[in-house]
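The structure comes first, and the notes follow by topic.

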Amino acid sequence: MNHHPNIHPGKPVVHAHQLSLWTAERWILENISFDLFRGAFCVLLGGNGAGKSSLLRTLAGVLPSSWQVVGRCEVLSEVPCISGKMRSLGVSWLGQHQEVSEDMTVQEYLSLSGWSGLLPFDTEFSAQCRSDFAVDSLLGDRLSALSGGQWQRVRLAQALSVRANLILLDEPDAALDERWRRVLWRVLVERKHLGTTVVLALHRHLEVQSFVSNWIGLEEGRLVFSEGRPGVYPHAFVERLFLEKSLTRQYG
Amino acid sequence: MRAIILLCIILLLLCMLSLLSGPATSWSDVWNFIAGDSLGADFWLNNAGLFELRLVHVTLALCVGFALASGGRAMQLFLQNPLADPHIVGLSAGSTTLVLLCILFLPSFSATYYFDFIPAIWIAAFVGSALALVLVQFVFFGVVRRWGIASLALAGLLINAGCSALMMLIFARLSPAALSQVQVWTLGSIQPHSLSAVTLLAPLMLFSGFMLIRFDTSLRLLSFGSDFAIANGVNVNRMRLVLLLSLMILCATTVCAAGSVGFVGLLIPHLTRRIFFHDRFAGIRPWLNALLGAALLVVADLFSRVLTTPIELPVGVYTALLSTPFLFLVLLRQRLVQ
């Protein structure tokens, strides 16, 4: 009931078909095709520079305006807008880094979520996120005074306190210690059970393997591995990640 | 909300004080008026022209302060630069330059007073700031876009530098009489417009200020980077356009009303952030900011009329003189508290 009315249960939440991404200089993503359905929990694997962040940004519609998307990329049956336009979807995206120039308090920062009405603010989610990530005790603090882990918790609480159909998180476990990582996985699994589709870019994927439904492996912008069967862990791919050899030859 | 009402009352009192005092009236006249002395009331009835002159001054000061403070806050958030002010993108400089050019090439004005309701001057101010806007957009899109939103400041730097050079050239060509009049204006001083001119200028200034205040939440989102703003539903491209258009109106009208008054747009947003740092002010901070700017300019205008009586110093001198020590004190106090 918490969800966007126009997702059809049989239709994919994310539908990418021969998706490529061109920066003015080179291809960052090439010919990527996959589908994700309602309630999927997808992890993107790949080394540094494999294109995980770019794929998440493409799905979120948060790309520099000079970049070009080729092929089909439909999110919630709509084509995500590129180049700074407002999206009309319930997609919550959290990037890897975020600058802090305006020194506001945590309270003020949290109040910024759900401002536009596109991502409706949910009081229940918000209260839950605040207590889960123990943000309540930080409310009066300045953003510049937070530690790396505290800042990450505040950002997560802000990004997850909206009613979204698709949650895209880029290395959300960065700077979080054991305890908060476990909290994060719990919150995400709860959202998955509510029907939200979750896509994560992760390096420490062993912690989440028990509830992942889709694995997507990327190398140099190519999709080299895609597994959607439950309970299947991509051993071979992960082991190959530790090697310097090109995986494209093996899988592509 | 209570803070807004309190600031409004203070502002109203300041306006009253400013209306009542000036070089032509002594403090006893003011007191007589406040005390309800019939002599005092007679004085004002007999000097309606004097009252009108002051009304124009106070209204323009109010609106200019309101607009510039909002503009300063908007630009600081937009460019993610604490040193930004409404003049940083070069729109005021463009406007000033074109007005000067107009004065130079239209010699029929040489005997008259320039800045009153002369359509040519006003059109020049708007066209100048529009031209600067086009130039800024061109530089932004064509040359330096890859450096992100901060490159707008670089584009503005170019325009400011070019315009100030042009202004110097024009100064050299102006007659001494015109020069003395024009120079005070370029430094920023409230011009004695007619009331009809004020009824056109004041709403425009207030409108541009309101537009910028309306964008405050999007701008606060934008201060975390444009990606974050887009992800939270801000249409960044459209916002930049509307923001710059509002800024264009703001610059053209404030330049018409008072030249380019410095320091208000730069210091007031910082002052607001320091005084009203508490969370409960977060939503109304842009309003408090605008009201504080208006109050500062009303006081600065009063000082410029009263303190150095025969000479009217540029109001920018007093805005700097008033706000710098105040900000310094607030910063010092905050440091001591910490």
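**A loop residue and its surroundings**

Phe263(B) lies in the loop between helix H12 (236-258) and H13 of chain B. The model is predicted, so local features need pLDDT of at least 70 and side-chain atom pairs count only at pLDDT 80 or more, while totals for chains, interfaces and linings use all residues. Residues are numbered from 1 along each chain as its sequence is written, and chains are lettered from A and ligands numbered from 1 in the order in which they are written. Helices (H or I, at least four residues) and strands (E, at least two) are DSSP runs, numbered from the N terminus.

**Backbone details**

- Phi of Phe263(B) is near 70°, a positive value in a residue other than glycine.
- Phe263(B) counts as buried because it has 23 C-beta neighbours inside 10 Å. A residue is buried if 20 or more other C-beta atoms lie within 10 Å of its own, exposed if 12 or fewer, and partly exposed in between, with C-beta atoms placed from the backbone.
- Asn31(A), another residue other than glycine, has a positive phi near 50°. Asn31(A) sits in strand S2 (residues 27-36) of chain A.
- With 16 C-beta neighbours inside 10 Å, Asn31(A) is classed as partly exposed.

**Chain A**

- Chain A contains 7 helices and 9 strands.
- Of its 252 residues, 44% are buried.
- Among contacts in chain A with a separation of 6 or more, 71% are between residues 24 or more positions apart. Two residues are in contact if their C-beta atoms, placed from the backbone, lie within 7 Å.
- Helix H1 (residues 52-60) of chain A is mostly covered, with 8 of its 9 residues buried. The buried residues of H1(A) include Lys52(A) and Arg57(A), as well as Leu55(A), Leu56(A) and Leu59(A).

**Chain B**

- Chain B has 15 helices and 0 strands.
- Buried residues make up 47% of the 338 residues of chain B.
- Residues 24 or more positions apart provide 79% of the chain B contacts with a separation of 6 or more.

**Nonpolar core**

- The largest nonpolar core has 165 residues, and Leu168(A), Val64(B), Leu297(B) and Val298(B) touch the most other members. Such a core is a set of buried Ala, Val, Leu, Ile, Met, Phe, Trp, Tyr and Cys residues joined through C-beta atoms within 7 Å.
- Helix H4 (residues 48-78) of chain B gives the most to this core, with 15 residues.
- Leaving aside neighbours within four places in sequence, Leu297(B) is in contact with Ala61(B), Leu62(B), Val64(B), Gly65(B), Val264(B), Val315(B) and Thr319(B).

- The axes of H4(B) and H14(B) come within 7 Å and cross at roughly 140°. H4(B) is therefore oblique to H14(B). Axes are lines fitted to C-alpha atoms, for helices over the stretch in contact, and angles run from 0 to 180 degrees between N-to-C directions. Angles under 35 degrees count as roughly parallel, over 145 as roughly antiparallel, 65 to 115 as roughly perpendicular and the rest as oblique.
- The crossing of H4(B) and H14(B) is right-handed. The residues of this contact divide into 15 nonpolar, 5 polar and 2 charged. Ala, Val, Leu, Ile, Met, Phe, Trp, Tyr, Cys and Pro count as nonpolar, Asp, Glu, Lys and Arg as charged, and the others, Gly among them, as polar.
- Helix H13 (residues 264-275) of chain B packs on helix H14 (residues 285-306) of chain B at an angle of about 130°, with the axes 9 Å apart. H13(B) and H14(B) are therefore oblique to each other. By class, their contact has 8 nonpolar, 3 polar and 1 charged residues.
- The axes of H4(B) and H13(B) come within 7 Å and cross at roughly 75°, and the two helices are therefore roughly perpendicular.
- In the contact of H4(B) with H13(B), the H4(B) residues include Gly65(B), Gly71(B) and Gly72(B), and those of H13(B) include Val264(B) and Pro269(B). This contact has 6 nonpolar, 5 polar and 1 charged residues.

Note on methods:
Left-handed = near helix turned anticlockwise from the far one by under 90°.
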